[in-house]
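Here's a quick briefing to read with the model open in your viewer.

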Amino acid sequence: MDKLPKIVPNRTTSQPVYSSLLRDNSSERMISSSLSLPPPQEFMSFNGLRELHSAPGFNDEHLPAELIYDSDDEEFSDVGSWIEGELDEEDLMEEIGNMIPFELYTKILKEKERKHNSDSDEESSFSDKDKTQRLEEQIKLHHLHLLMKAFQEHRPGDIIKQAGSAYFPAKVEKRTPGAMNLEEFKTTVAQVLKTNEYEEYLEKLFTKLDTSLDGYVDWNEFCTYMLLLYRENDYMRTKREIPFLVEPKLRHIVHNRQEQTTKMVATTGTVRYITISKEGVVNVWQPSLNYVEKYYSISNDESDSSGQKRRFKTWVTDAIFLPNCNKLVIGSTSRDIRFYDCSTNQHFEEFQLFAMSDVPYCFDYWYDTKNPSNPSKLIFGVDTGYIHTMTFKKPVSQLFETPFKNDEGVQKIFWSEIEKGQQSQFVSHEKISHGDPTLQVLPDIVKQVMYLPDNDYIISSTSSAQQSLVISPADRKDFKKSYVFNIDKGIESFDHNKNLNILVTGSLDHVVRIWNPYVPAKPMAVLQGHATGVIGVKIHEGLVQVFSYSKDAVIKVWDIKEHSCLQTVVLKFPSSIHGRMPEHGTFPMHMQPAPHNALLVTCNDYIGMLKLGHTSQPKNLDAVTHDSQLCGAIYNKTFKQVVTGCDSSNVAVWELESGNKAIVFSNAHGDEEITCMAFDDSYRRLLTGARNGTIKVWNFQNGHNLHKLESVSEAEVTGIFPCADRKIIISVGWSRKIAEYDDSDPDNMYIPANLGWKGGQIHQDDILSMDYASPNYLATGGYDGEIAVWDTETEKMLIRLRKGQQADILKKIEAMKEMSVLSKNSTTTESQMSADDHPLSPLKIPRPNSRHRKSHRVPRGQPSPVDKLLFLPSRLTSKTSDAAMLISSEAGYLHWWALFGAKHEVGESLSHSCLSEIWKGK
């Protein structure tokens, strides 16, 4: 595949810019640890761009007027000729190189399609857009095109540093064409968007774009930022657990004799799947679908005038299982309803309602789950457009009246007995029409019914364009309002969920629609993606997703909140290969809840089962933002963002006002834990330290790694501080040394460590904490309890608040003996102890991470480590001799220190958590 030439930026920056027209084929992480843009995996050729223009959903009608080429327009004449196939790819290389990056172009188009915007991008005012979105997300293609022109045509004047005279020429700084400063950028964007209301936000946006920190922004930096923004949005939309993690299991229903399966149901208790074929073959399957336990056939025998029995085929229309009475109900074209007893291993036919006036076509059943013996309802729709409701008054004990005779076999009941109320002691009957009977609409087959017990409504659907779906009261005497939904090609399948308050429909127009059940005028979302008619839909409440199944044996998973497709599964049934269109039964989908958690579909004489991986989304109370423990969170007051890091080496940036995740860059330090984080004085760079001693400097707005600092002894970094006055970075850690790094050269990627601290390396044990306070105070605390305060200007120690203490070996041996005695009387072995509780943990066990310590108790004989140091800056300016200016946290105690008096430790207090530990110990 031919590759496009790289687009070279006009000026050198420390930020990588787009180098090619990328095709976005991945929904996974887009940002690596060392680059803001990943290496291109596949390049888009000009044929691909031509295919995009001709693809459904990306034709010219979706483009703004500025981007639709015109053969009479000189600017787009070459583009139009190329798309029509008159020009070669090479002839347009130079022209395309000056256009919008292709990936950004396609992402904005897809974003527009996703939102289903009905307003005109050219006519609508930018100030009328959604205020909940960031300004960058509201930029459309014609805005981007105008901005590109503005950057390309920008020719700034030179900056006069010093005016000239008769003897000396003026000192002039040459400006780079296409590079805008803050005021020029704000003016340009305001002219393009035709509004000045974003002036304050544009200052923050300019700071994000200016990754080179030179006070200028060019087109390359703007495009790179927009690409990262849309990539991150795509990643956040698709960063959900897809439901189907394993290959589907396909099984052949041999006994169907090549006839399609009409319906699949599941029994309760000991779960068994039951499939009923079109010609009445019933198969009982194990939950794993490994084999068929038993099968039997439904036959219809009638006598002719000569008294001889003649046999004809009966087609099954629908079936349903009644859980509270263990009955299987099957309807057929013979105008009868059969009731099978499934309470034993041998299923046998118990009742048959026959001589019905219409064909029962679809069923639904409701019973009181809390009191199964209470009255229950069997609702079914018929082929003449009516809906019948049978209310069983004693469903558990007896469905119908039983005559006093000893005849064995099936008890046959005339349908007229039910209609006339001759069995009113056990069952009552009601009949309503689908939709409004006063309208002159031809009756159609009721394809599906569903009963809503909360408000006593019935949902029914047909294939008609008028009154395609109706939500009407079960008792028309209540005079409740009915809700009518009209769809051109009718409705093949629907599902309703009360808790989510949505109605989902599937039609032969290849579209899945999500409705508010009480707003039939317009759907909430139209989900397009199927290539054939949708014949089955199911709502999964736990995942907040919709499963849809089309005629070509394709299952799609839709996110209800984002209205986007999360997963597509193509089922390779033998009848669907080689481009053939398979045949399906009336109800091809069944969703089995926990504990089996599976979606089952039927196709011809095959059955497929897809196991669900995760069946619920985390509740708000148990919500987590990272996949491992957090090392810390720091606030950026300039951008009003919070940055968090975790032990799995992931860094996340959060918008404080909205709570949304702005960007994530994973594997910041490979597989090493992040141990500390800090911002520089400009709050535009993020510094992170890791457990292996590595330190990295980031542009946290795009995940670009600016500098890598040399590790010291491969020991954990516990503190980082960028000293802007001296242009150095100071770090401390388990190396027991204070290290300096030169931060004066922004283009220096690898910075070596300078261990020549003038005050000397006085710490004899690991340095666990540090803190800085202006103008030049630096405090460090060690594992052995040592606390020292330094002057960062002279690098000399101002005062040693406490000298480090050696561990008492005798007390440690004593504690070890006690532990050995306790171990004999306890099942807990030494290897099962946590590192914090082990008496010899500093010697034999790798030192635990103090950030995740569960207990603050210190082993006997071990001095209290200094876990945290914190200056009180407002008190440092007064230099009062007896005022506490530094706080240290040591094994649950807070110690208060004065720096300028004769007495340094002025107080201590015990934390609440440590009090609880002492109380439990007693």
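What follows is a short tour, grouped by topic.

This is a predicted model, so start with the confidence values before zooming in on side chains. The protein chain has a mean pLDDT of 78, and 74% of its residues reach 70 or more. Its secondary structure comes to 13 helices and 53 strands.

**The chain as a whole**
- Out of 922 residues in the protein chain, 50% count as buried.
- The accessible surface of the chain is about 44,900 Å², and carbon and sulfur atoms own 49% of that.
- Take the contacts in the chain with a separation of 6 or more: 51% of them come from residues 24 or more positions apart.

**Where to be careful**
- Where pLDDT is low, the predicted coordinates should not be read in detail.

- Strand 20 covers residues 457-461, and because 5 of its 5 residues are buried, the rest of the structure largely encloses it.
- Y457, I459 and S461 point one way from strand 20, I458 and S460 point the other way, and all are buried.
- In a regular strand, side chains alternate between the two faces of the sheet.
- On one side, strand 20 pairs with strand 19 (residues 448-452) in the antiparallel sense over 5 bridges.
- Strands 19 and 20 make a hairpin with 4 residues between them, and D456 in that turn has a positive phi of about 55 degrees.
- Strand 20 is also joined by 5 bridges to strand 21 (residues 469-473), again running antiparallel.

**S461 up close**
- Is S461 buried or exposed? S461 has a relative accessible area of 0%, so it counts as buried.
- Which residues stand across from S461 in the two pairings? Q448 is opposite S461 on the strand 19 side, while L469 is its bridge partner in strand 21.
- Leaving out residues up to four places away in sequence, S461 touches H434, I445, V446, K447, Q448, S468, L469, I491 and F494.

**Strand 29 and its neighbours**
- Strand 29 (residues 554-559) is mostly covered, with 6 of its 6 residues buried.
- V554, K556 and W558 point one way from strand 29, and I555, V557 and D559 point the other way; all are buried.
- Strand 28 (residues 545-550) runs antiparallel to strand 29, joined by 5 bridges, and V546 has W558 as its bridge partner.
- The hairpin of strands 28 and 29 leaves 3 residues between them, and A553 in the turn has a positive phi of about 60 degrees.
- Strand 30 (residues 564-570) is antiparallel to strand 29 too, with 6 bridges joining them, and D559 stands opposite S564.
- Strands 29 and 30 also form a hairpin, this one with 4 residues between the strands, where H563 takes a positive phi near 60 degrees.

- I242, L245 and V246 make a nonpolar surface patch of about 250 Å².
- I242 sits in the loop between helix 8 (219-238) and strand 3 (249-252).
- Why does I242 count as partly exposed? Because its relative accessibility is 31%, and partly exposed runs between the under 20% of buried and the over 50% of exposed.

Technical notes: Residues are numbered from 1 along each chain as its sequence is written. This is a predicted model: local features need pLDDT of at least 70, side-chain atom pairs count only at pLDDT 80 or more; totals for chains, interfaces and linings use all residues. Side-chain values use heavy atoms; hydrogens and water are left out. Patches are made of residues with over 30% relative accessible area and no salt bridge: like charges are joined within 9 Å, nonpolar side chains (Val, Leu, Ile, Met, Phe, Trp, Tyr) within 5 Å. Accessible areas come from the Shrake-Rupley method with a 1.4 Å probe; for residues, only the protein chains shown count as cover. A salt bridge is a side-chain nitrogen of Lys or Arg within 4 Å of a carboxyl oxygen of Asp or Glu. Buried means under 20% relative accessible area, exposed over 50%, partly exposed in between (1.4 Å probe, protein chains only). Contact means heavy atoms within 4.5 Å. Two strands pair if DSSP finds at least two bridges between them. pLDDT is the predictor's confidence in each residue, from 0 to 100.
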